[in-house]
Amino acid sequence: MPPAIKMAEKNKIPHRVHEYEHDPAALSYGSEAAEKMAVEEQRVFKTLVVSLDNKELLVAVLPVCEMLSMKLVAKAAGAKKAVMADKAVVERSSGYVLGGVSPLGQKKRLRTVIDVSALEFSTLYVSAGRRGLEIELAAQDLIKLTAAVTANVCQ
C-alpha cells in the first residue's frame, strides 16, 4: 500500500481509492485518470513540485486541466520566482515517480499550495502514489493532511 493511502488511514480520513489500468502511451496522466474514472477534469488534481528562488522545493496541487502559473505560485509561497523542479530531484524528494507523485505521504514533507478551486468540490481526486491509482477525499482533509495553504495558482 502506497504511503499516501497509509497516511489517510493512519489519520482516519474518509477516502476512497480508485484504480484503473494505466496506458503507458497516454499523453497526460491527469486527463487519462479523469477519463478512465469518468470524472470531470476539474475534480482531478495534479501534483507538481517547483523550486523557489531560495532553492526550497514546494508542492503545487491544481486541476489537471489547468496550467500552473509560476508567478502566482511564487507569490503564494512568498518568493520572487519559481521554476519546475528537476525530475530526479522530485522523485528523490517525494519517493514517487513522475505521473504518480502524490501530495500525501512524501518522503520529505514540503510546503504545499492547493489551488483555491479545490474548495468548490465536496471531494477531489489526487494521485495515491502510482500511475493508475487515485485517492478521493475532501479538500479540507487534503489541506489538513498536507498543512497546505490555498491560493489561485492557475494561469
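1. A word on terms before we start: a residue is called buried here when its relative accessible area is under 20%. Please also keep in mind that this is a predicted model. With that settled, helix α4, residues 87-94, has V90, S93 and S94 as its buried residues. These residues sit on the same side of α4, because they cover an arc of only 85° around the axis. Strands β2 and β3 are among the elements that cover them.

2. The two ends of α4 are worth a look as well. After the helix comes G95, whose phi is positive, near 85°.

3. Now to helix α2. Its buried residues are G30, E32, A33, A34 and M37. The cover over these residues includes β1, β6 (124-130) and β7. Just after α2, A38 has a positive phi of about 55°.

4. E32 deserves a paragraph of its own. Its side chain forms a salt bridge with that of K36, at 3.2 Å from N to O. Both residues belong to helix α2 (residues 29-37) and are four residues apart, about one turn of the helix.

5. E32 has another side-chain partner, H22. The side chains of H22 and E32 make a polar contact of 2.7 Å. H22 itself is found in the loop between β1 and α2. What else does H22 contact, leaving aside its neighbours within four places in sequence? The list is Y29, E32, K36, R131 and G132, so both members of the E32–K36 salt bridge are on it.

6. Another bridge to look at is the one between E56 and R111, where the closest N and O atoms are 2.8 Å apart. This pair links distant parts of the chain: E56 is in the loop between β2 (45-52) and β3 (57-63), and R111 is in strand β5 (residues 111-115), 55 residues apart. Both ends are partly exposed, E56 with a relative accessible area of 25% and R111 at 39% relative accessibility. Elsewhere, salt bridges that share partners join R16, E40, R43 and E136 into one network.

7. Next, the largest pocket, which holds about 470 Å³ of space. It is lined by 27 residues, and those closest to its centre are Y29, K46, T47, L48 and G99. Which elements give two or more residues to the lining? They are α2, β2 and α4. Strand β2 supplies the largest share, five residues. If you have the structure open, Y29 ties two of these points together, as it is among the residues closest to the pocket centre and is also one of the contacts of H22.

8. Finally, two backbone angles to check by eye. K55 is not a glycine, yet its phi is positive, about 75°. K55 is placed in the loop between β2 and β3 and is exposed, with a relative accessible area of 67%. A147, also a residue other than glycine, has a positive phi near 55°. The place of A147 is the loop between α5 (139-146) and β8 (149-151), and A147 is exposed, with a relative accessible area of 56%.

Methods: Residues numbered from 1 in each chain as written. Predicted model: local features only at pLDDT ≥ 70, side-chain atom pairs only at ≥ 80, totals over all residues. Heavy atoms only, no water. Salt bridge = Lys/Arg side-chain N within 4 Å of Asp/Glu carboxyl O. Buried < 20%, exposed > 50% of the residue type's maximum accessible area, 1.4 Å probe, protein only. Arc of directions from axis to C-beta. Contact = heavy atoms within 4.5 Å. 1 Å grid on protein atoms, 1.4 Å probe; cavity = no way out; pocket = protein on both sides within 12 Å on 5 of 7 lines; lining within 4 Å. Points joined across faces, edges and corners; volume = space filled by probe spheres on them. Polar contact = N/O pair within 3.5 Å; in protein donor to acceptor, adjacent residues only side chain to side chain.
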